[in-house]
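Hi,

Here is the structure I promised to pass on. Have a look at it first, then read my notes below.

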Amino acid sequence: MKTQPFILAIESSCDETSAAVLKGKEVLSNIIAGQLVHGKYGGVVPELASRAHQSNIVPVVKQALSEAGLKNDQIDAIAFTQGPGLMGSLLVGTSFAKSLSLSLQKPLIAVNHMQAHILAHFISNQQERYPGFPFLCLTVSGGHTQIVLVKDYLEMKIIGETRDDAAGEAFDKAAKLLGLPYPGGPHVDKQAKLGNAERFKFPHPQVADYDYSFSGLKTSLLYFLKGEITNNPNFIEENKADICASYQRSVVDYTLKKFMKAALDLNIQYLCLAGGVSANSELRSSFLTLCEKTDKEAFIPPFVYCTDNAAMIGIAAYFKYEKQEFADLTYSPLSRMPL
Ligand code: KG4
Ligand code: ZN
C-alpha cells in the first residue's frame, strides 16, 4: 500500500496564525493562535496582525509538530497560504515556509485560501461522507462570498460573488452598529437565538445573476437604527436580540435564496457550505432544511474546519502533492488570487 505523505501546513492570511500536520487526508494536529490585539480597534489592524504572526509562528509550528509526534525531518512537504489575504500577514507564513523548505530540503506547496475552505470537506477526521463531483459550494467568509462550481479537487469556477461587502462583513458591521465585540458574527448568532426573527424586516438587495451585494443590508440596518433611536435612545439595548434575529434571518434567507436558485438552475445534486460564516447556526440549519426539501445532498465541514485553520491548507496541499504540483522559492504572496 502507498504510504501517506506527512504535510506541514501554515496559514497566516488574516488574523489567525495556524499550523497543522496531516497524514494524507487525516489531521494529526491543528494549532490555531488567535490575535486578541484587534478587539479594541473593532477590526483587524494589518500591521498588528503581521507582528503577531511574527511572534506566533515559531511556537505554533513547533506545537503542531509535537502534537503530531513528528520531527522536522519526517515531514514530506511544507504548505503555505499564498493568498488571498493581507500582504504583511501572508509574507510571514510564506517566508517561514520557504526558509523551512530550504533548510530541510523538502518540497513547497502554495495553496489558495479560498480553494482550501472548499477542500476542507475532504478532511477525513469526523467526516464519513464526502461530496461527489460536480458540486456547488457557497463559500462565505469575512472577506469573500462566492458560489463556486467545483468540477474536481483543483478545478473550480466562480459563478457568482459579492460585488461589495462579504457575508461576514454584513455580520461584523451590523455587530459594530449594535455595540457587539469584534468579530461580530458569532455574537449576532448568539443574540439571535434569544430573539424573534419575524419582528423586523430588512429588504433583500437586488443584484443580477448569481451575484450578491451585502453593503445595502448593513445600510438599511443603520437607517433603521437611527430612526428608532430618535424615538427611544435605549432602542438597541431593549431590542438587541430581536434586531439580531431579524437581521440574521434576512442575511441567511438572501444568501441561500440565490445559492439554491443556482443549484436548481444548474441541476447540481451535491451542495456544500464553506468559510467562517458557515459556522452560523441559522445558516447551517436553513441550508440543511432547504436541501432536504429539494432532495439535494448537503455537506458542511465540522466547525473547527469552517473558520480559518491550517488543516484546510493541508488538505488542499495533499491534492497538489498527489499531482506533484510544487512551488519554488520564487513564489511570493498574492493579496488577490484567482480561484
Ligand atoms: O473564513 P474566516 O474565518 O476568515 C476569512 O477568511 O475571512 O471567516 C471569518 C468570518 C468573520 O466575518 C466572522 O464574523 C464570521 O466569519 N463568523 C460568523 C460566525 N462565526 C464566524 N458569522 C456569523 N455567525 C457565526 N457563528
Ligand atoms: Zn478564510
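With 339 residues, a compact globule would have a radius of gyration near 20 Å, and the protein agrees because its own value is 20 Å. That radius is taken over C-alpha atoms, and the globule rule is 2.2 Å times the number of residues to the power 0.38. The C-alpha trace spans about 65 × 45 × 30 Å along its principal axes.

Bear in mind that this is a predicted model: local features need pLDDT of at least 70, side-chain atom pairs count only at pLDDT 80 or more, and totals for chains, interfaces and linings use all residues. Residues are numbered from 1 along each chain as its sequence is written, chains are lettered from A and ligands numbered from 1 in the order in which they are written, and side-chain values use heavy atoms, with hydrogens and water left out.

Now the zinc ion (ligand 2). Its protein donors are H113 (NE2), H117 (NE2) and D308 (OD), 2.0 to 2.2 Å away. Donors here are N, O and S atoms within 2.8 Å of the metal (3.2 Å for Na, K and Ca); water is not among the atoms, so sites may look incomplete. The donor spacing in sequence is H-x3-H-x190-D. H117 sits in helix α3 (residues 113-119) and D308 in the loop between β10 (297-299) and α9 (310-322), so this pair, 191 residues apart, links distant parts of the chain. Helices (H or I, at least four residues) and strands (E, at least two) are DSSP runs, numbered from the N terminus. Both H117 and D308 are buried, meaning under 20% relative accessible area (1.4 Å probe, protein chains only).

Cheers

Definitions and conventions
Buried < 20%, exposed > 50% of the residue type's maximum accessible area, 1.4 Å probe, protein only.
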